Every structure is written in structure tokens, then in C-alpha cells.
Amino acid sequence: MDRWKYFDITHKRHLVCNPMTKEKFYRLCDTLPLSKGSRVLDIACGKGEFLVRLAELHDVSGVGVDLSPYCIRDCMRKKQERVPEADLVFIEMDGADYTPDNGEKYHLAGCIGASWVYGGHRGTLQALSEMTAPGGWVVVGEPFWRREPSGDYLESQNMKREDYSSHVGNVRIGEELGLRCAYTLVSDEDDWDHYETLQWLATEQYRAENPDDTDNEELLAKVLHGKNAYLDEGRSTQGWAIYVFKKIS
Ligand SMILES: C[S@@+](CC[C@H](N)C(=O)[O-])C[C@H]1O[C@@H](n2cnc3c(N)ncnc32)[C@H](O)[C@@H]1O
């Protein structure tokens, strides 16, 4: 089935598409030192919650980029409903191909939960840093290993051990690049459970409301695969955090 349709169905009830609750995510948005007119770039912006919330709180303007047509449609609807006057632009494209107009440097450049766009955590920090003004902020959301994953788990998830680091490793990678970590927000088990299990619930609802969808069997098979991997090992093995780095110079 179409990957964007799958993501749209499984994340239908999520406000943010990452393992962070609304309360913690809003705390982050509130805490970020931005002000009226600050320019923000969000690569893989999902449903646009980060930019819209920052516009509500700090009157920022900015650009959101996402490859999913469903997400961009949701972003535009959300902007219209909550901050119709804000200067927020949402673009449907591959984040890896995005280059700022006229070489603009943003006050904040983020990519929360999609580091594959730039080939991993290091590549993401590098790419975002290049689009950030000195003194600005680079914000990423990235998984980390809480303990060593088994070979079976890696295989079932089509992952490699070296795809991710530890929590401290994620901080150090940024600092090796000349960024300074200024704030972190770490997901706990409850945050993870909410993120993962809401996908199961949304899938049940979709199947009940769309019994004739020919994708239903594939949809359920994929969700059950993820559910079993999460319960068997993901829940105890993978962590996730949002890292706020300052671009020093
Ligand atoms: C885990 S979600 C995170 C979304 C959002 N940052 C959030 O935290 O709510 C990953 C997002 O990456 C988007 N995505 C996947 N590949 C992409 C790409 N190559 N370029 C831009 N967006 C991409 C997906 O459509 C999805 O919205």
C-alpha cells in the first residue's frame, strides 16, 4: 500500500508524530528562546504542529517541508484554523532537496524524527547547521539505544546497530560538529506507549470505518509486525529524545 496512506491512517490521531506527549512537546515550544519575526525551518514537518505552535506562542514565521501529500494538506488546514495570519509556508518535497531562498540562514532549523533525510544524526546536524544563523538553534529528534539490541530485533526492523548511538552519543556528535547542546527532552515509557499504541487504535478505527478497503489486510499485517517488535524488544531497547543545540559561530 502507499506509504503515505499507511502513515496517514496510523497517525490519524497523533498531534505530533513522535514519541513525545502534547504536554512535553508544548513545554519545549514554550521554552525555546524565539521572538516575533524569528524565522524557523522544519524539515519533515509532519502535521505542522511545531511551526504552528511556535507561531501561536512566539509569532515566528517560517517554512515546513514534508514529502507526504497527506501531511502537507494537514499542515495547511491547521495553519488556516489556528494562525491564519502567520507567515508560514508548507512545501511538499524531499527535505534533502530543500535549499533556502537566497541563502537564508534561519534562527532555528529543525528535523524531528526523520534523520534518514540526511543519512543519519550527524548528517542532519551538519545540514541544519549550515542553514542556521550564528547564535541560532538546531533542533533534532533522534532515537538512541537504551541497551544493546539483539540481532533478531535489528533484522526484523531492517536496522543496523550503527544506525543509532546512545543518548550521550547523540549529544557528543553535535558537539564534535561545533554545536553546543543546550536542552534535551527525553521520552519515557508512557510517551512511547502513547505514540505506539495510538497507531494500533487508529488502525482499528480505520478498519471498522472502511471495511471494504482492499489495503486492510496489508495494513493490519504491517501494524502487527511493528506491534510485536515493539512489545518484544523495542520498548525496552530504544529511547528517543529531542536535542536543542546552539550554533555558536
Ligand atoms: C516520524 S514523522 C515526524 C513528523 C514531525 N517532525 C513530528 O515530529 O511530528 C516523519 C515525517 O517525515 C516525513 N518524511 C519522510 N521522508 C521524508 C523526506 N525525504 N523529506 C521530507 N519529509 C519526509 C514523513 O512524511 C513524516 O511526516
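About 30 Å³ of space lies in the largest cavity of this predicted model. A cavity here is a set of points on a 1 Å grid over the protein atoms alone where a 1.4 Å probe fits but cannot get out. Search the whole structure and you find one cavity of 30 Å³ or more. Phe 7, Asp 8, His 11, Lys 47, Cys 71 and Asp 74 line the largest cavity, and the elements giving two or more residues to that lining are helix 1 and helix 4. Lining residues have an atom within 4 Å of a point.

So how do those two helices meet? Helix 1 and helix 4 pack with their axes 8 Å apart, at an angle of about 45°. They are therefore oblique to each other; that word covers what is left after under 35 degrees (roughly parallel), over 145 (roughly antiparallel) and 65 to 115 (roughly perpendicular). Here is who takes part, with contact meaning heavy atoms within 4.5 Å:

| Helix | Residues in the contact |
|---|---|
| Helix 1 (residues 3-10) | Trp 4, Lys 5, Phe 7, Asp 8 |
| Helix 4 (residues 69-82) | Pro 69, Tyr 70, Cys 71, Arg 73, Asp 74 |

Over to helix 7 (residues 167-176): Gly 169, Asn 170, Val 171, Ile 173 and Gly 174 are buried there, meaning under 20% relative accessible area with a 1.4 Å probe, protein chains only. These buried residues pack against helix 5, strand 5, strand 6 and strand 7. After helix 7 comes Gly 178, with a positive phi near 90°.

Residues are numbered from 1 along each chain as its sequence is written, and side-chain values use heavy atoms, leaving out hydrogens and water. As the model is predicted, local features need pLDDT of at least 70 and side-chain atom pairs count only at pLDDT 80 or more, while totals for chains, interfaces and linings use all residues.

Note on methods. Axes fitted to C-alpha atoms, helices over the stretch in contact; angles between N-to-C directions. Helix = DSSP H or I, 4+ residues; strand = E, 2+ residues; numbered from the N terminus. 1 Å grid on protein atoms, 1.4 Å probe; cavity = no way out; pocket = protein on both sides within 12 Å on 5 of 7 lines; lining within 4 Å. Points joined across faces, edges and corners; volume = space filled by probe spheres on them. Buried < 20%, exposed > 50% of the residue type's maximum accessible area, 1.4 Å probe, protein only.
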